[in-house]
Amino acid sequence: MTDLQLMTLDVNGEEHEVVAESRRTLVDVLRHDLRLTGTHVGCEHGICGACTVLVDDRPVRACLMFAAQAEGTRIRTVESLSQGTGECELSDLQRAFSEHHGLQCGFCTPGFLMLAEGFLAERPDASKEEIREVVAANLCRCTGYQTIVEAIDDCAAARRRAGKEN
Ligand code: FES
Ligand code: FES
């Protein structure tokens with residue numbers, strides 16, 4: 001017996017109506033129903049963090065949340081980071097990852113970006129040690145983490161400098 005339900009999801013500032021089974025995970029609906037394939041799926045049981053998105057500004061493992069549970073929240077995926085429509089219009093955080101070589105295969109990168117985006121919004125003054133602790137929540141098999149930490153720290157410092165100038 002199918003258990004279809006109509007849900008309204010607020011994703012990247014747009015409302016989407018989706019008909020899905022109540023047991024479908026948020027990451028599944030984002031990728032397959034809404035075609036937002038920037039969010040990746042790794043372990044599917046809450047370990048790797050590849051599926052991290054922001055729900056009401058907080059990083060959440062989208063493989064551990066039912067899409068139906070996300071109704072009434074604001075969801076942000078990696079697609080929300082770049083501004084404009086051009087491929088090169090990366091956000092400051094994305095640019096920092098690129099400049100510091102904070103990615104190799106890139107599979108884990110969307111999850112790290114959303115983890116860092118949520119963390120820096122809450123803790124703009126975070127120390128490098130705190131950044132290091134936070135990124136330990138997600139798995140990357142390529143970079144050794146140092147470059148990811150450098151990228152996030154550099155982005156945080158640039159945001160602080162920009163905040164002082166304004
Ligand atoms: S796919 Fe969600 S934590 Fe690994
Ligand atoms: S860049 Fe390959 S897993 Fe992180």
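Mentor: Gladly! Let's begin with a definition: the expected span of a helix is 1.5 Å times one less than its number of residues. Keep in mind that this is a predicted model.

Trainee: How do you know that the span of helix H3 is close to the expected one?

Mentor: Helix H3 covers residues 109-122, which is 14 residues. From its first C-alpha to its last it reaches 20 Å, and 20 Å is also the expected value.

Trainee: What makes H3 largely enclosed by the rest of the structure?

Mentor: A residue is buried when its relative accessible area is under 20%. In H3, 12 of the 14 residues are buried, so the helix is largely enclosed. Among them are Phe112, Leu113, Met114 and Glu117.

Trainee: What covers the buried residues of H3?

Mentor: The cover includes strands S3 (52-55), S4 (58-61) and S5 (74-76). It also includes helices H2 (92-99), H4 (128-135) and H5 (146-165).

Trainee: Why does the radius of gyration of the protein agree with a compact globule?

Mentor: With 166 residues, a compact globule would have a radius of gyration near 15 Å; the protein has 16 Å, so the two agree.

Note on methods. Residues are numbered from 1 along each chain as its sequence is written. Chains are lettered from A and ligands numbered from 1 in the order in which they are written. This is a predicted model: local features need pLDDT of at least 70, side-chain atom pairs count only at pLDDT 80 or more; totals for chains, interfaces and linings use all residues. Side-chain values use heavy atoms; hydrogens and water are left out. The radius of gyration is taken over C-alpha atoms; the globule rule is 2.2 Å times the number of residues to the power 0.38. Helices (H or I, at least four residues) and strands (E, at least two) are DSSP runs, numbered from the N terminus. Buried means under 20% relative accessible area, exposed over 50%, partly exposed in between (1.4 Å probe, protein chains only). Contact means heavy atoms within 4.5 Å.
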